[in-house]
Structures are given as structure tokens and as C-alpha cells.
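Here's a friendly first tour for anyone meeting this structure for the first time. Have a look at the picture, then read on.

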Amino acid sequence: MLRFDPEKHLYWLGDRPLVSVTQALTEASIIDSRWYTEEAKNRGTAVHKACELLDLDDLEFDSLHPTIRPYVEAYLQFKRDTGFVPELIEHRVYNETYFYAGTLDRAGRIGKEKVVIDLKSGAVEPWAALQISAYEACLSGHYTRMALPLTDTGKYRRPIEYKDPNDFKVFLNAVGVAHWKRNNNIKMAA
């Protein structure tokens with residue numbers, strides 16, 4: 001049903017192309033990616049992969065690059081401190097009503113509380129609230145939404161919890177802009 005092209009970062013539901021969460025936020029000019037470096041992007045990808053392997057119990061710590069290891073140690077410490085148990089790991093989700101999709105970092109439990117967590121290996125931007133609300137809306141039931149800042153010191157910073165019920169409404173506006181641009185063949189400005 002849901003298909004994903006990792007090279008082009010494109011999602012489809014059957015034959016229908018979907019807007020990705022990141023594309024919606026970028027096309028609505030909420031995310032300005034001009035300031036993101038290739039180095040930061042590569043670090044984020046490596047941190048996510050290593051944390052995924054950690055959650056799948058398939059990580060060899062000795063194999064980690066020294067620049068990645070502290071971020072993974074920070075995530076491990078968060079799990080130990082909170083008892084977080086991931087149930088969905090780097091999981092592709094979609095919303096059939098609004099025709100968008102994305103890959104959530106983690107959904108799981110801290111005690112009895114259901115949480116959606118986005119791992120951040122750089123600055124936590126304000127749009128993270130919208131991003132995580134989009135993922136939550138693809139799941140069944142209510143989840144506590146949070147960003148988890150991981151640092152290069154091996155420690156995590158206090159998780160940022162998002163409670164504004166308007167976050168998803170704002171995200172839906174971004175999805176609407178992205179769909180409108182596509183329907184009217186309007187390309188992103190370079």
C-alpha cells in the first residue's frame with residue numbers, strides 16, 4: 001500500500017504520490033534548508049541508523065565512528081533514565097485523509113504513557129512541533145509529542161514536549177500549500 005523511494009525521498013499510496021512531512025514544511029517556507037550543511041545531514045543520518053541498530057539490539061558500539069558515538073550514548077542514557085521502550089522504530093506512516101507521509105523516529109512508551117519522539121542531533125527548530133504532530137496524526141490514539149536533543153558530549157538535553165493543539169492545524173496548512181503548488185505545477189524556488 002505505502003511505497004517509499006529512499007533515493008528521491010518520495011512516498012506513494014498505491015499510485016498516488018504523497019507529500020512528505022518535510023516537503024510540506026519546506027514548500028510552505030516553514031523549513032529553510034539553506035542553512036543545513038551536508039556534514040550535519042550525514043551526521044544526522046548516521047546517528048539515526050546507529051540508534052536504530054541500538055533499538056534493534058544489533059549495534060556494535062566498537063564499530064561506531066568517534067563523532068557518532070556520543071549521540072548514541074546520549075540516546076542510550078535517555079532510555080535508561082526514562083525506561084523508554086520503542087515500539088515503532090524509523091517507521092513509515094501516512095495519513096490517508098490528507099495525503100501525506102513520513103518516517104517517524106520513535107513511538108513507544110515511557111511507563112504507561114504513549115510517546116512519539118523525534119531524535120535531534122542538531123538544533124531543535126520550532127517546526128519540530130509541527131513535524132511530530134504530523135506523525136502523531138498517523139497513529140491511533142493520543143501520544144505525548146517530544147523532541148529529544150542528543151549532544152556530542154554523550155548526554156541528552158531535556159526533552160522538549162509539545163502540547164499546543166494548534167500544531168497539527170498549522171501542519172495541515174503546510175500540506176495544503178504543498179498540494180496546491182503541485183496541483184498548479186508551481187515549483188519550489190531555488
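What follows goes from the overall fold to one helix and then to some aromatic rings.

## The overall fold

First things first: this is a predicted model. The protein chain has five helices and eight strands. If you walk along the sequence, they come up in the pattern β-β-β-α-α-α-β-β-β-α-β-β-α. The radius of gyration of the protein chain is 17 Å, close to the 16 Å that the globule rule gives for 190 residues, so the chain is as compact as a globular protein of that length. Along its principal axes, the C-alpha trace spans about 50 × 35 × 30 Å.

Of the chain's 190 residues, 44% count as buried.

## A helix tucked away

Which residues of helix 4 are buried? Ala128, Ala129, Leu130, Gln131, Ile132, Ser133, Ala134, Tyr135 and Glu136 are the ones. That's nine of the nine residues in helix 4 (residues 128-136), so this helix is largely enclosed by the rest of the structure.

## Rings that pair up

Now for the aromatic side chains, which form six aromatic pairs. In one of them, the rings of Phe4 and Tyr11 have their centres 4.5 Å apart and their planes at 40 degrees, so the pair is tilted. Phe4 is partly exposed, with a relative accessible area of 22%, whereas Tyr11 counts as buried at 1%.

Phe78 and Tyr156 make another pair: their ring centres are 5.4 Å apart and their planes sit at 85 degrees, so this pair is edge-to-face. Phe78 lies in helix 3 (residues 69-82), while Tyr156 is in the loop between strand 7 (144-149) and strand 8 (160-162), so the pair ties together parts that are 78 residues apart in sequence. Phe78 is buried, with a relative accessible area of 1%, and Tyr156 is partly exposed, with 22%. Finally, look for Tyr98, Tyr100, Phe168 and Phe171, which ring pairs link into a cluster.

Key:
Residues numbered from 1 in each chain as written. Predicted model: local features only at pLDDT ≥ 70, side-chain atom pairs only at ≥ 80, totals over all residues. Heavy atoms only, no water. Helix = DSSP H or I, 4+ residues; strand = E, 2+ residues; numbered from the N terminus. Rg over C-alpha atoms; globule rule 2.2 N^0.38 Å. Buried < 20%, exposed > 50% of the residue type's maximum accessible area, 1.4 Å probe, protein only. Phe/Tyr/Trp six-rings, centres within 6.5 Å; stacked < 30°, edge-to-face > 60°.
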